[in-house]
Amino acid sequence: MKDWPLATRTGRSDPTVLHTIFKLTEQPHIISFAGGLPAPESFPVEPFVAAYDKVMRDDPRAALQYAPSEGYAPLRQWIAQSLPWNVSPEQVLVTTGAQQALDLVGKVFIDEGSRVAVQTPTYLGALQAFAAYGPTFYSVPHDPATGDLQIDLLEREQLRHNARFFYLMPSFQNPTGQTMPAQQREQLAKTCHALGLPLIEDNAYVELWFDQPPPPPVSSHYPDSCLYLGSLSKMLAPGLRLGFIVAPTTVYPHLLQAKQAADLNSSSINQRVVCEVLNTPGFLDTHLPRVRQFYKAQCQAMLAALQKYMPDNVTWNTPRGGMFLWVRLPEGLDSGALLPKAIENGVAYVPGASCYSAAPDVRTMRLSFATSTIEQIDTGIAALAQTIKAALVPPATQTSV
C-alpha cells in the first residue's frame with residue numbers, strides 16, 4: 001500500500017515537543033518541571049461529585065443530549081457576568097478547552113501566508129495551533145523580567161506587515177510567568193486601536209494570582225476589536241475540557257460556524273455540572289484562595305531552591321501568579337542540547353527555544369512548579385543545577401568516574 005496522501009499543513013507543526021513533555025510526566029523516576037498540568041491537589045472533587053449527582057437527578061436526559069453549539073446558556077451568563085467589563089452572554093462561545101479556541105481563531109482568521117504578530121516568547125500551543133494554517137509570524141519581544149512589551153516595535157512592524165491579529169497572554173504568561181503592567185495594557189489598547197489591529201487576548205491563568213489580581217484585561221480597554229480567550233481548566237480541573245471565547249458580534253457567527261464544524265458542541269453534561277459548581281454559594285470564595293495559596297507555596301519553594309543550588313550566572317524571574325517561571329542559562333549553553341543530560345539526572349523541563357516563532361534564545365527554559373511536591377522541587381532543582389554546573393566545566397577538566 002502506498003503512503004497516505006497527507007495534507008501539507010500536517011508538516012507545519014512539530015509534535016515532538018508537546019508529545020515529549022506529556023510522556024515525561026508519565027515516567028515516575030523523572031521529576032518533571034516540563035508539563036503545564038494543574039496540580040491534582042487543587043481539584044474540587046467533592047463539589048463535583050455533588051454537582052454530577054444533582055444534574056443527573058434533576059434533568060439527566062438533557063444533560064446527556066446534544067447541546068447548543070454556543071454553549072449552555074446559564075454557563076454563558078455566568079462567564080459574561082464574571083468579566084470586568086460589559087459583556088453580553090450572546091458574545092460568549094463555550095469551547096472544548098481554550099486550546100480549541102486557539103484553533104478556531106486560526107481557522108477563521110488565518111489564510112496561507114497571512115501575517116500574524118505574536119508576543120515573544122509565547123505559548124507553544126498557540127504557535128502550533130496557528131502554524132497549521134500557514135501564517136508568517138512576526139515577533140514582538142517582551143521582557144521576561146518585567147513583562148514590558150516592545151509596543152513601539154509592534155507599531156513599526158504592523159505598519160510594514162499588516163498582521164491579521166496580535167496574539168498575547170498578558171497575565172502570568174505561559175511560558176515566562178510574567179505579567180504585563182497596567183499602564184502598558186492601556187497603551188497597547190490605544191496603539192492597536194490606532195493601527196486597526198485586532199487582539200487575541202489569552203487569559204487562561206488570570207485567576208491564579210498569589211497576592212493581588214493582575215490589572216484589568218487589555219480587552220476591557222479595546223472590546224470592539226478583541227477576542228478574549230479564557231479557561232475553566234486552571235481554576236477548576238482540566239479534565240472538564242471547557243474554555244470560552246468572548247467575541248464582538250461581527251465575528252461571533254464565523255467562530256460559531258467553525259465550532260459547529262469542529263465538534264457540534266462541547267460536553268453538555270460537563271457544562272451543566274460546572275455551572276452548578278460555580279453557582280454554589282460560597283464555593284469560589286473558599287476554593288480560589290486555597291488554589292492560589294497552594295501555587296504560591298510551590299513557586300516560593302522553587303525560587304528558594306534556585307537560589308540555593310544554581311550557579312551565580314544563571315538567572316530567573318519572580319512570577320506573581322500562574323504556574324511557570326523562566327530561567328536563562330550562562331552564555332554558551334543550549335537548554336535543548338542540555339535536556340538529554342538533565343533527563344539522565346532525573347529532571348525535565350521545556351527548552352525555551354520552542355516558545356519562539358523565530359530567532360530563539362537557546363539559553364532559556366520554562367520550569368513549572370505546579371505538580372511536583374515541595375520535596376521533589378528541591379531535589380529536581382538540585383539535579384538541574386548539577387547538570388548545568390557540569391556543562392560549565394570545560395571537557396578537559398572533567399574527570400571520569
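Student: In which helix is Ser335 found?

Tutor: Ser335 is found in helix H12, where a helix is a DSSP run of H or I with at least four residues, a strand is a run of E with at least two, and both are numbered from the N terminus. Do keep in mind that this is a predicted model, in which local features need pLDDT of at least 70, side-chain atom pairs count only at pLDDT 80 or more, and totals for chains, interfaces and linings use all residues. Residues are numbered from 1 along each chain as its sequence is written, and side-chain values use heavy atoms, with hydrogens and water left out.

Student: Why is Ser335 called buried?

Tutor: Its relative accessible area is 1%. Buried means under 20%, exposed over 50% and partly exposed in between (1.4 Å probe, protein chains only), so the label is buried.

Student: Which residues is Ser335 in contact with, leaving aside its neighbours within four places in sequence?

Tutor: With that exclusion, Ser335 touches Leu329, Tyr349, Pro351, Gly352, Val362, Thr364 and Met365; contact means heavy atoms within 4.5 Å. Met365 also stands opposite Val327, and five bridges join strand S10 (residues 324–328) to strand S13 (residues 364–368), running antiparallel.

Student: What makes S10 and S13 a pair?

Tutor: Two strands pair if DSSP finds at least two bridges between them. S10 and S13 have five bridges, so they pair. They belong to an open antiparallel sheet of four strands in the order S9-S10-S13-S12. Strand S9 (315–316) and strand S12 (350–351) are the edges, each pairing on one side only.

Student: Why is H12 oblique to H13?

Tutor: The axes of H12 (residues 335–344) and H13 (residues 374–392) come within 9 Å and cross at roughly 125°. Angles under 35 degrees count as roughly parallel, over 145 as roughly antiparallel, 65 to 115 as roughly perpendicular and the rest as oblique, so H12 is oblique to H13. In H12, Leu338, Lys341 and Ala342 meet Thr387, Ile388 and Ala391 of H13. The residues of this contact divide into four nonpolar, one polar and one charged.

Student: How do you know that both faces of strand S2 are covered?

Tutor: In S2 (residues 92–95), Val92 and Val94 on one side and Leu93 and Thr95 on the other are all buried. In a regular strand the side chains alternate between the two faces of the sheet. S2 also pairs with strand S8 (residues 243–246) in the antiparallel sense over four bridges, and Val92 has Val246 as its bridge partner there.

How values were computed
Axes fitted to C-alpha atoms, helices over the stretch in contact; angles between N-to-C directions. Nonpolar A, V, L, I, M, F, W, Y, C, P; charged D, E, K, R; others polar.
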